[in-house]
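Welcome, and take a moment to get your bearings. Below you will find the sequence and the 3D structure, and the paragraphs after them walk you through a few places worth a look.

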Amino acid sequence: MTDHHRNTALPSRRSLLKLGLALPAALAFSRPARAAGFPTRPVTLIVPFPAGGATDTQMRALAVAASRELGQTVIIANRPGAGGTLGPAAMAQTAAPDGYTVSVVVGTLFRYPFLQTVNYDPLTDFTYVACMTAYSYGIVVRQDAPWKTLDELIADARANPEKISYGGTGTGGSGRIAIERLSRLTNVKFNFIPYKGAAEETTALLGGHIQMVSDAGWGPMIDTGKARLLAVMGDARAKRVPDVPTLTELGYPIVASNPVGIAGPKGMDPKVVAVLQQAFHRAARDPDYNRALENADQPHMLMDSKAYTDYAVRQVAEEKRFVAELGLKMQ
């Protein structure tokens, strides 16, 4: 059974790569008219993960490019915690809906209400501004690890239940859920260790505190020869490591997809939303931002405000079904 946290309405990885190639033409629209002079001061973009990780690096590059589009500085504010939901949830409760405070949002925002009690409603407390990209998940071990293939790792885990520890961002993250699906399909047990972000779990892996990572942002570890990618969790192989198979190719019908977008508090002026949406989408052409995406093997996944809002509605329903089916609980 295919992992239900893949949203079948989303475009395939191959089509997303085509979108990336066609990006300049797709963004050949005129600069939007300012909505009542917006913005007249800096805009804060909350990144709900620690500094130094893949998402932080990407959003810092995007913020520089968006600053040029808006004519005002876009300031990054790191607010890690709760699997990437703490920052946007705090914004929804405290920020004015004037467009001067927005937040990066990821799939856990839609999933956590069904895993634990939260202080937000993903359908009523946010204005979805724009979707930007999507995480590319992989199963990564240290270069000196004894396993050369995923099947070898699974065989070892079966012989030694819960002896192999793996890290992921947040207890309810997509990487962790994919491994839980894999565990059920193969009848093995891993020991899960949650981290606040990719930088922490990378340090833990390279330091030998955990044996495996199931998350995005693995590109630099592979490029420097410090880690080995055993499988990718997308619906197509990664460009930088074309010899590494997908989980589906290995016989495990699991696909993990997790779009990364930008949202503000509920009640934002549609004209302000339009200014921000087009500024961030135009900024997606920036070479530094694209290099940051390439380092994580991430595609462009551009959705405007309406398409992203529609996606959120579909995904909330999907996550509710998925969590119930797996009987997931927060640790």
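Strand β6 (residues 165-169) and strand β8 (residues 212-215) run parallel and are joined by 2 bridges. Across this pairing, G167 stands opposite V213 in β8. Strands here are DSSP runs of E with at least two residues, helices are runs of H or I with at least four residues, and both are numbered from the N terminus; two strands pair if DSSP finds at least two bridges between them. This is a predicted model, in which local features need pLDDT of at least 70 and side-chain atom pairs count only at pLDDT 80 or more, while totals for chains, interfaces and linings use all residues. Residues are numbered from 1 along each chain as its sequence is written, and side-chain values use heavy atoms, leaving out hydrogens and water.

Now step back to the sheet around these strands. It is an open sheet of 5 strands with mixed pairing, in the order β7-β6-β8-β5-β9. Its edge strands, each pairing on one side only, are β7 (191-195) and β9 (227-232). On average, neighbouring strands of this sheet are turned by 25° against each other, direction ignored. Axes are lines fitted to C-alpha atoms, for helices over the stretch in contact, and angles run from 0 to 180 degrees between N-to-C directions. Helix α7 (residues 174-186) packs on the sheet, where it touches β5 (138-142), β6, β7 and β8; contact means heavy atoms within 4.5 Å. The direction of helix α7 makes about 115° with that of β8.

Next, look for the aromatic rings. Rings of Phe, Tyr and Trp (its six-membered ring) pair if their centres lie within 6.5 Å; planes under 30 degrees apart count as stacked, over 60 as edge-to-face and the rest as tilted. By this rule there are 10 aromatic pairs. One of them is the edge-to-face pair of Y128 and Y308, at 5.3 Å centre to centre with 80° between the planes. This pair links distant parts of the chain, with Y128 in strand β4 (residues 126-135) and Y308 in helix α12 (residues 305-326), 180 residues apart.
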